[in-house]
Amino acid sequence: MTSQVGITPKKILIIDDEPHVVTYLETLLQDNGYETVSAANGREASEMLQVGKPDLITLDITMPEQSGIRFYRNLKEDPAFRDIPVLVVTAVTGYGGDPEPFEHFLKNRRQIPPPEGFFSKPIDQDEFLRAVEELVSQKV
Amino acid sequence: MEDLREWIRQELWDQVPVAISVIDRSFHIIEANRCFANTYGEWRKRPCYEVYKGRTQRCNNCAAVETFEDGQLRIREETGLIREGLQTYYLVHMVPFFRPSGELPYIIEMSTDITAHKVLEKEKLEAERLAAVGQTVAGLAHGIKNLLMGLEGGVYVFKSGLHQADSERMLKGWGMLDENIARISTFVKEFLEFAKGRVPQVHLVSPNRIAQQVFGLFEHKAELAGITLRTNLQPDLPYALMDEDGIHTCLVNLVSNALDACEISDRPSRSVVLSTREEGGTLVFEVTDDGTGMDYEVKKRVFTNFFTTKGSDRGTGLGLLTTKKIVQEHGGRVSYESAEGEGSVFRLQFPRDRLPHPVEEAKSEMLCKTGG
């Protein structure tokens, strides 16, 4: 459960406007030794970034106030934050739940690198945790 | 050349694959060509409405009456009964026959059978309907995915609380389960509501008032999302025979979709315009958004294959299907255009002569047809 004993826990910023999703991901990540902060929209998330830089971000795409895509673009255009890995966690996918069209869309944005990972709701917990661990350990 | 002219004089009348009849001012057929006789049967001394439509009295909206009145050429699509009692679709030209004195004693009705085209058109509509059903199923799947995420989250949080003997966490997980079950219930109810459908209540209504109501519904929500929502309504737009609730639903769906499209766009300034206008006998509602910064291919996909709303509080993915259904019930059509970087326009077009009749009137019309 606790893979990070003895070292400073890695901090993960969860961005989703659904409180249930935030609670779910918070609990899942905390149980696995991560520290979490959360934001309900892109604007709140931008404020969070100023308080302290997270080691990874999980991002929903459709949110009121400021869309996930806009937040993503701002993040990747900011030299101070562009190295934070982002896992997109969303229910927005293509026909029949195929995530390919949406990934394709994200990858084809001009001048913006694709997100480091893509998870379709509902997530596979093991796969999700594996991706998180891989990404935060890469980033030293 | 001479033989050709001779053929035109002698044979053209009976050789053309167009049913031609000549109608006098008492609406009796006084002359007809071979194609007409082959299609509609005996015509001598019979009134046009009886021969063409099997009716006992003159048709409402009779194009011949109008042409007798104003001497203008008219082109219309009509349905009629051919000899075997089969229904046929034909394109009719009402050509006024003027004497040199200016008198207008006859109208030449030239009817071209377009039944085959109409059948194709119907098949195409059916295919579109099936495509819409496919989209609905995809939309439902997305709704269910969000619900599943909530349920799996609830199960996880509950179990986590159980392992750590943390009763507060257990309660939190249980609450998530509870709430998501309630959402499923709402979701299913809404879906059944749609499947059941409703009888349209047709009244004379103000199209602009419906648009205003829908605008009022979304004004605040748009402002919160930082999207400018405006109306552009043609003043003095005539009233129309419509199902007010149905049209309201259509506009709610389109405006809601446009706002959703704006929400996933990354442009700093976004706006949605709801407009109404009259265009050559057709009532038009339009919802325009300039919010999408997506390339064409993706935009197409977003509108056909994506479901951008989430949870039961933001829709069930039935919007497009419901809208199409209601618009078709009004004899109208739904169309859209998307241009890269410029946004999208969704358009509802209602030709006024195809709008439904109020319930009582529709009934008497039916009786007339079957009685004839």
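Which residues touch the most other members of the largest nonpolar core? This is a predicted model, and in it the answer is A:I12, A:L13, A:I15, A:L25, A:L59 and A:L87, out of 34 residues in that core. In soluble globular proteins, nonpolar side chains tend to be buried together. Here the contributors span two chains: strand 1, helix 1, helix 2, strand 3, helix 3, strand 4 and helix 5 (125–138) of chain A, along with helix 6 (115–163) of chain B, each put in at least two residues. Helix 1 of chain A gives the most, with 6 residues. There's also a second, separate core of 30 residues, and B:V214, B:A222, B:L229 and B:L348 are among them.

Now for the sheet in chain A. Five strands make up an open sheet with parallel pairing, and if you walk across it the order is 2-1-3-4-5. At the edges sit strand 2 (35–39) and strand 5 (117–120), each pairing on one side only. From one strand to the next, the twist averages 20°. Take a look at the strand 5 end: strand 4 (residues 86–90) of chain A runs parallel to strand 5 of chain A, and 4 bridges join the two. For A:V89, the bridge partner in strand 5 is A:F119.

Leaving aside its neighbours within four places in sequence, A:L87 is in contact with A:L56, A:T58, A:P115, A:E116, A:G117, A:F119, A:A131 and A:V132.

On to the helices. Helix 1 (residues 19–31) of chain A lies across strand 1 (11–15), strand 2 and strand 3 (56–59) of chain A, and runs at about 165° to strand 2.

Then there's the pair formed by helix 2 (residues 42–51) and helix 3 (residues 68–77) of chain A, which pack at an angle of about 30° with their axes 9 Å apart. An angle under 35 degrees counts as roughly parallel, so that's the label for helix 2 and helix 3 of chain A. Where they meet, helix 2 brings A:G42, A:A45 and A:S46, while helix 3 brings A:G68, A:R70 and A:F71. By class, this contact has 2 nonpolar, 3 polar and 1 charged residues.

Stay with helix 3 of chain A for a moment. Its buried residues are A:G68, A:I69, A:R70, A:F71, A:Y72 and A:L75. What covers them includes strand 1, helix 2, strand 3 and strand 4 of chain A.

Technical notes: Residues numbered from 1 in each chain as written. Chains lettered and ligands numbered in written order. Predicted model: local features only at pLDDT ≥ 70, side-chain atom pairs only at ≥ 80, totals over all residues. Axes fitted to C-alpha atoms, helices over the stretch in contact; angles between N-to-C directions. Parallel < 35°, antiparallel > 145°, perpendicular 65-115°, else oblique. Contact = placed C-beta atoms within 7 Å. Nonpolar A, V, L, I, M, F, W, Y, C, P; charged D, E, K, R; others polar. Pairing = 2+ DSSP bridges. Buried ≥ 20, exposed ≤ 12 C-beta atoms within 10 Å, placed from the backbone. Core = buried A, V, L, I, M, F, W, Y, C linked by C-beta atoms within 7 Å.
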